[in-house]
Amino acid sequence: NEKFKGIIPAFYACYDEAGVVSEERTKALSLYLLEKGVKGLYVGGSSGECIYQNLEERKATLKFVAESVGGKLALIAHVGAPSTRESVELAKYAAELGYDALSAIPPIYFKLPESSIYRYWTDIIEASELPFIIYNIPQTTGYNLSLNLFAKMIENKKVIGVKNSSMPVLDIERFKAAGGEDFIVFNGPDEQYVAGRLIGADSGIGGTYAAMPELYLKAEEYVATGNFAKARSIQKDINNLIIALCSLNGNMYSAIKEVLKLRGVNVGSVRAPLEPVTGADLDKVAAIKDQIDATIA
Ligand code: HMN
C-alpha cells in the first residue's frame with residue numbers, strides 16, 4: 001500500500017483544439033507530472049470530466065496514461081459511471097491495462113438506498129482482481145458515506161482505501177479510526193491538505209495538484225518532517241491560489257488549463273457545459289501563474 005502514499009494528482013481531460021480527447025496531450029500531461037515527482041495519478045474522476053465523456057473516450061484516456069507512465073506511477077482508474085454495466089466494463093479494461101487500483105463514486109442521479117450503493121461498488125470490485133478505493137464526494141453526488149456502509153464495505157479485503165472529499169476533516173479521522181492502520185485514507189479537499197494529513201489521511205488525491213504539484217510536494221515534505229509552521233504557511237499560499245483559480249469566469253478547471261498552458265503543457269480547454277475562461281479574466285490567468293512561480297521560488 002506504500003505505493004499509494006504521496007501526492008496523487010487527479011488527472012485532467014486532455015483535448016485537442018476541436019475538443020476531441022488527445023493522445024498526444026494526454027501523454028504529455030502524464031509525463032509532465034511524472035517528471036515533477038508525483039506518486040501516482042487518479043484518472044477519469046471529476047477532474048477528468050468523466051461525467052461528460054463517453055465510454056470510448058474514457059477508455060482511450062485510461063490507455064494513453066497507462067502507455068506513457070504505467071509501471072512508473074501508481075495508477076488509479078476512476079470507473080464511476082451512470083450504470084453498473086459501464087462501470088464494470090471500465091473496471092475490466094483498467095485491469096487489462098495494468099492499473100494499480102480502481103475507484104468509484106456512488107451511483108448518481110437517482111437517490112438510491114445504501115443497499116444499491118453497496119451492490120454497485122461490489123459489482124465493480126468483483127469485475128477484476130484489482131484493489132478498490134471508495135470515493136466519497138457528497139458535494140457532487142448528493143450521498144455522504146455513512147459509517148455503517150463504510151463498515152460493510154471494508155469487510156471486503158479488496159477495499160484498501162477511501163478518497164474522502166467531504167469537508168469535515170473529522171470524517172477523515174473517523175474513516176481512519178474505523179479502517180485501521182493499513183487502510184489508506186486519501187485527503188480530498190485540497191484546501192485542507194495539511195489538516196487532513198494531520199488528522200489521519202495517509203495520502204492525498206486532488207483536483208488542483210497538477211496545476212502546482214511543486215507546492216503540494218513541499219506541503220507533504222513539511223508534514224512528513226514535522227515542520228508544521230512551514231506546512232501551514234504553504235497551505236495558506238495554496239489556498240490563496242485555489243481561491244484565485246475559482247474566482248475567474250468559466251470554471252476552476254478551465255482556469256487551471258489556462259495556467260497549465262502558460263506552464264508549458266497544453267491540454268486544451270474544458271467540455272461544455274463547463275465554460276472556458278474568457279475576456280478580461282484571461283488576463284488574470286497570467287497573474288495566477290506568476291503567483292505560482294513566486295510561491296515555488
Ligand atoms: C477528482 O475526482 O478528480 C478530484 O480529485 C476531485 C477533488 O476531490 C476536488 N473536489 C471537487 O472538485 C469537489 C478537490 O480537489 C477540489 O478541486 C479542490 O479541493 C479545490 O476546491
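1. How many nonpolar, polar and charged residues does the lining of the largest pocket have, by class? The lining holds 16 nonpolar residues, 13 polar and 4 charged. Please keep in mind as you read on that this is a predicted model.

2. Now to the pocket itself. The largest pocket has a volume of about 780 Å³, and 33 residues line it. Nearest its centre lie Ser46, Tyr135, Ile137, Thr140 and Tyr253. Helix H5 (138–141), strand E8 (203–206) and helix H11 (252–262) are the elements that each give two or more residues to this lining. Helix H5 gives the most, with 3 residues.

3. In Lys163, a polar side-chain atom lies 2.8 Å from an oxygen atom of the ligand. For Ser165, an N or O atom of the side chain is 2.8 Å from a ligand oxygen. For Glu191, the corresponding distance from a side-chain N or O atom to an oxygen atom of the ligand is 2.6 Å.

4. Finally, a residue in helix H10 (residues 228–246): Ala231. Ala231 counts as buried because its relative accessible area is 0%, under the 20% cut-off. Leaving aside neighbours within four places in sequence, Ala231 is in contact with Val194, Tyr222 and Val223. Ala231 and Val194 are 37 residues apart in sequence, yet their C-alpha atoms are 6.6 Å apart in space.

Methods
Residues numbered from 1 in each chain as written. Predicted model: local features only at pLDDT ≥ 70, side-chain atom pairs only at ≥ 80, totals over all residues. Heavy atoms only, no water. 1 Å grid on protein atoms, 1.4 Å probe; cavity = no way out; pocket = protein on both sides within 12 Å on 5 of 7 lines; lining within 4 Å. Points joined across faces, edges and corners; volume = space filled by probe spheres on them. Helix = DSSP H or I, 4+ residues; strand = E, 2+ residues; numbered from the N terminus. Nonpolar A, V, L, I, M, F, W, Y, C, P; charged D, E, K, R; others polar. Buried < 20%, exposed > 50% of the residue type's maximum accessible area, 1.4 Å probe, protein only. Contact = heavy atoms within 4.5 Å. Polar contact = N/O pair within 3.5 Å; in protein donor to acceptor, adjacent residues only side chain to side chain.
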